[in-house]
Amino acid sequence: MRWGDKRYHSLDYELKKIFGQKVLKLSLNGNFTCPNRDGTIGTKGCIFCGEKGSGEFAAPAKLSISDQIQQQKKFLSKKWTANKYIAYFQSFTNTYAPVEQLKQKYKEALSSPDIVGLAIATRPDCLPEETLDLLEELNQTTYLWIELGLQTIHERTAKFIRRGYDMACFENAIAELKKRNIPVVAHLIFGLPYETEQDMLESVQYIATTGIQGIKIHLLHILKDTDLYRFYQKQPFPLLTQEKYISLIVNALEILPPEMIIHRLTGDGARDLLFAPKWSTNKKAVLNGIQHELKKRNTYQGIRHIGR
Ligand code: SF4
């Protein structure tokens, strides 16, 4: 056991190591849109994306950033005790606005003394030079990471899900962020239509070699208000079982480098919107299952990472 009580390098472990205590993330809605929905790249968005732009748990956009922070703290205090927080701009594309507007929103979030860091979820095609400069500046004064939704490295799946950018775009974005020492977290989705186990692990293997700092792995959720839901009604495709998902996650952890921070291993689908797979609502069972499988195999993150 090298990361507290886990066999993988969790974000919780990393934040406790850096800040000496538990740090919670507050999910915010900066009231942005997305070029994949406003007509710049596409109008329909990614096939799985719900009307809240993958921010189903974020605070309401009608509140100011400061009020959203208060609301999220209050909400999380029912479950957790913490004095330090990361402001997480989660909904839609959080660098998709003029740089002055971005600056004002990020600074408002950071003005609260207990906000110790900033996490910004965006697309690799929404990082123009002036935005990169702003991020570089922020990275020098706060704990920052940028999240990029890759989901898969396979072009046929990327087209099917209407991601709207290619691998060259992703590679260029991580090179630009790396040049400025800005930490990057990539998102992958397991269970995308017609992807095999090998396809998914090839995406993980790619991430393992990029030199980026973190990963979020999600289970594909079919949310009721999405095009994916409508597609599934007409052409059902195989969904991952809990056992298969757990086994895949353990295989993925084995090939990721030990220093890579694991930000997420389960997806969060709003219960009232989730059509399938329903087993994913029991997050605790999934996380316990992963721990159990790691122990059973007597394995841990990085054991099969190439280059070790
Ligand atoms: S990039 Fe994000 S916000 Fe935009 S359509 Fe895709 S999932 Fe939704």
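Analyst: A residue is called buried when its relative accessible area is under 20%, exposed when it is over 50%, and partly exposed in between, with a 1.4 Å probe and protein chains only. By that criterion, buried residues make up 56% of the 308 residues in the protein chain. This is a predicted model, in which local features need pLDDT of at least 70 and side-chain atom pairs count only at pLDDT 80 or more, whereas totals for chains, interfaces and linings use all residues. Residues are numbered from 1 along each chain as its sequence is written, and side-chain values use heavy atoms, with hydrogens and water left out.

The protein chain has 10 helices and 9 strands, both taken as DSSP runs numbered from the N terminus (H or I over at least four residues for helices, E over at least two for strands). Its radius of gyration is 19 Å, close to the 19 Å that the globule rule gives for 308 residues, so the chain is as compact as a globular protein of that length; the radius is taken over C-alpha atoms, and the rule is 2.2 Å times the number of residues to the power 0.38. Along the principal axes, the C-alpha trace of the protein chain spans about 45 × 45 × 40 Å.

Turning to the rings, the structure holds 13 aromatic pairs, where rings of Phe, Tyr and Trp (its six-membered ring) pair if their centres lie within 6.5 Å, and planes under 30 degrees apart count as stacked, over 60 as edge-to-face and the rest as tilted. In one of these, the rings of Phe 160 and Tyr 194 have centres 6.2 Å apart and planes at 75 degrees, so the pair is edge-to-face. Phe 160 lies in helix 5 (residues 155–160) and Tyr 194 in the loop between strand 5 (184–190) and helix 7, so this pair ties together parts that are 34 residues apart in sequence.

Phe 160 also forms an edge-to-face pair with Phe 231, at 5.0 Å centre to centre and with 75 degrees between the planes. Because Phe 231 belongs to helix 8 (residues 227–234) while Phe 160 belongs to helix 5, that pair ties together parts that are 71 residues apart in sequence. As for accessibility, Phe 160 counts as partly exposed at 23%, whereas Phe 231 is buried, with a relative accessible area of 17%.
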